[in-house]
Amino acid sequence: MFRPSQPMVRSLLTIVCLIGIGIRLTSALGESVVVAGGVGEIPTTERQALGLLHARCEVCHSADLIIQQRLDREKWIAIVNKMVHWGAQVSPSEQEVLLNYLTTHYHLDAPPEQRSAKGTSPGSALRGTASYPTGESRRGKALFAAHCVACHGVDAVGMMGPKLAANPILLENERFWETVLDGRGAMPPWREALSPQEIADVLAWLKTLE
Amino acid sequence: MPYEHSNRLSRREFLLRLAGGTVVCLTAEEIWSLASWAQTGERTSDPEFITRVSRPQDLESPPQWLTSWLTPNNRFFVRSHFGPPSPSSLKDWQLHVEGDVKQRLTLSFSDLKTFEAVTLHAVVQCSGNGRAFFRPKVPGAQWEKGAVGNAKWTGVRLGDVLKRAGLGSKAKHVQLLGADRPVLPTVPLFIRSIPIEKAMHPTTLLAHEMNGEPLPMLHGAPLRLIVPGWAGDSCVKWLTHLTVQEEEADGFYMQTAYRIPMIPVQPGATIHSSQMIPVTEMPVKSIIARPLEGAKVLGGTVQVEGVAFTGEGEIVRVQISMDEGKQWHDADLGEERAPYAWRLWRYVWKGTKPGIYTILSRATDSRGHTQPMVTPWNPGGFLWNAVDRIRINVTG
């Protein structure tokens with residue numbers, strides 16, 4: 001009888017995961033973004049907007065609700081105002097960044113949502129190698145406060161998202177990077193919003209917590 | 001507001017925690033109650049659902065499922081504003097009946113079962129079903145055809161429960177609240193109301209069974225309202241509070257959302273709130289289940305099938321057109337029928353020659369209402385009921 005070997009199962013799983021990631025990337029953003037081993041090719045304001053979407057909007061609802069909309073600027077302003085009124089933590093200058101992003105990508109004439117997988121195999125430059133950047137915890141603390149605190153809580157003690165302080169995942173490079181880059185469950189994929197260096201900085205700071 | 005976001009943070013506390021400063025350890029209950037995306041642990045939903053929103057979950061049935069008289073529970077569309085409540089918040093579940101009543105009631109699940117049991121069939125359709133077809137596009141979940149299902153509901157009459165409580169002299173509306181809660185305490189609760197006449201109607205049901213099974217969590221366990229003939233926004237899930245009162249419910253989900261213009265408006269127009277009325281009854285509608293949009297079909301005999309339903313009255317006719325409505329051909333109606341249920345229909349199109357065709361379906365109800373070619377635009381994208389259409393490629 002044919003029995004798949006352990007490594008074979010593992011590589012099959014990896015392929016399935018990679019396919020899944022490809023779908024996720026395109027479906028979460030509604031367009032294919034070429035990511036060559038990081039976020040180098042995405043403009044800074046786009047990265048900032050994606051970070052805001054993940055950290056401030058996806059606290060309450062997933063991104064698919066956003067990317068299926070095709071609206072003019074006036075409607076987007078009304079929606080952002082409604083969400084701020086309901087407690088979304090977005091400052092006036094951040095609202096401007098978000099609005100520019102939303103009206104650029106999800107305006108009335110934007111093409112319909114892509115449901116198929118396309119684009120490059122993301123993050124392959126990082127996964128499976130031992131060469132993760134070395135982080136700096138001082139920068140990581142500020143990055144965590146901007147992007148992660150809404151779900152993981154002050155000092156990473158956990159809220160809607162799990163407690164990260166002293167969480168064993170901090171010592172499992174592979175699993176940590178995969179979760180942050182590609183998301184898991186309610187955790188959004190941060191691949192286009194944070195650079196590998198920034199993620200490493202956050203990790204470095206998390207490792208300083210008790 | 002009389003209802004607390006129990007086990008929740010106040011806005012101030014939440015902001016404080018966001019802002020940093022104090023280290024606060026939340027209890028497991030707090031974390032769970034905040035984690036409305038944790039959903040229910042029920043993993044029985046059919047994987048072929050179209051996910052409109054993954055958190056909180058909005059799931060649409062693909063059109064080809066709309067070919068059975070009863071929609072199986074695990075294929076029934078899923079929609080809520082905040083996702084199901086935490087199981088622990090339902091552990092000591094009770095139904096509270098209060099407001100303008102002679103005697104307030106607090107009913108346990110077994111208390112409810114002492115009322116006369118009623119079983120009926122009814123379509124439940126999201127009022128936003130078909131929103132994706134409005135032009136210009138409107139905000140909201142972009143439902144296409146499948147935010148609708150037909151089920152057998154068992155429960156007790158809302159009217160019987162209200163009669164036991166005894167209506168006061170100012171009883172004009174019944175306000176409805178479930179146990180589901182938003183992630184942030186600053187988001188308004190999903191509070192709805194229905195007029196007292198509809199509440200006392202003998203078919204308005206407090207349902208605890210769906211297709212002969214206990215109500216699944218995704219569909220409102222342990223108790224939801226079923227308002228036959230009305231859109232799903234009145235069919236509040238996870239019910240805990242009924243409040244009899246003089247006024248329509250206050251708040252966003254009754255006074256701003258789920259409202260339509262009382263007069264025809266220009267597409268894209270801004271309408272003053274005084275011109276908007278609540279979504280209630282569903283208009284007559286048919287949906288083509290098969291063939292699917294864009295399907296390649298072998299010529300000769302093509303079978304077209306689907307469902308049709310209406311708010312009040314019954315479906316008396318479904319017609320099919322292959323020439324943009326110049327000629328209409330009667331479809332055969334299915335044998336299974338019940339007030340407020342849908343009716344299956346089928347049309348066998350013989351002698352089909354190769355080519356690209358647009359197929360239209362149009363239903364008419366016993367009040368003489370017929371589906372329009374285009375649904376008048378409304379800013380919320382509600383109650384789409386235009387003649388359904390698909391394009392197919394008939395091959396040789």
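**Exercise 1. In what order do the four strands of the open sheet in chain B lie, and which are the edge strands?**

Step 1: The order is S15-S17-S21-S20 in chain B, with antiparallel pairing. Strands here are DSSP runs of E with at least two residues, helices are runs of H or I with at least four residues, and both are numbered from the N terminus. Two strands pair if DSSP finds at least two bridges between them.

Step 2: Strand S15 (285-290) and strand S20 (332-333) of chain B each pair on one side only, and they are the edge strands.

Step 3: Now look at S20(B), which two bridges join to the antiparallel strand S21 (residues 343-352) of chain B. Across from Asp332(B) stands Arg346(B) in S21(B).

A word on the model: it is predicted, with local features needing pLDDT of at least 70 and side-chain atom pairs pLDDT 80 or more, while totals for chains, interfaces and linings use all residues. Residues are numbered from 1 along each chain, chains are lettered from A and ligands numbered from 1 as written, and side-chain values use heavy atoms, without hydrogens and water.

**Exercise 2. Is Asp160(B) buried or exposed?**

Step 1: Find Asp160(B) in helix H4 (residues 158-165) of chain B.

Step 2: Its relative accessible area is 17%, so Asp160(B) is buried (under 20%; exposed is over 50%, partly exposed in between, with a 1.4 Å probe and protein chains only).

Step 3: Leaving out residues up to four places away in sequence, Asp160(B) touches Phe115(B) and Glu116(B) (heavy atoms within 4.5 Å).

**Exercise 3. How many helices and strands are there in chain A?**

Step 1: Chain A has nine helices and zero strands.

Step 2: Of its 210 residues, 49% count as buried.
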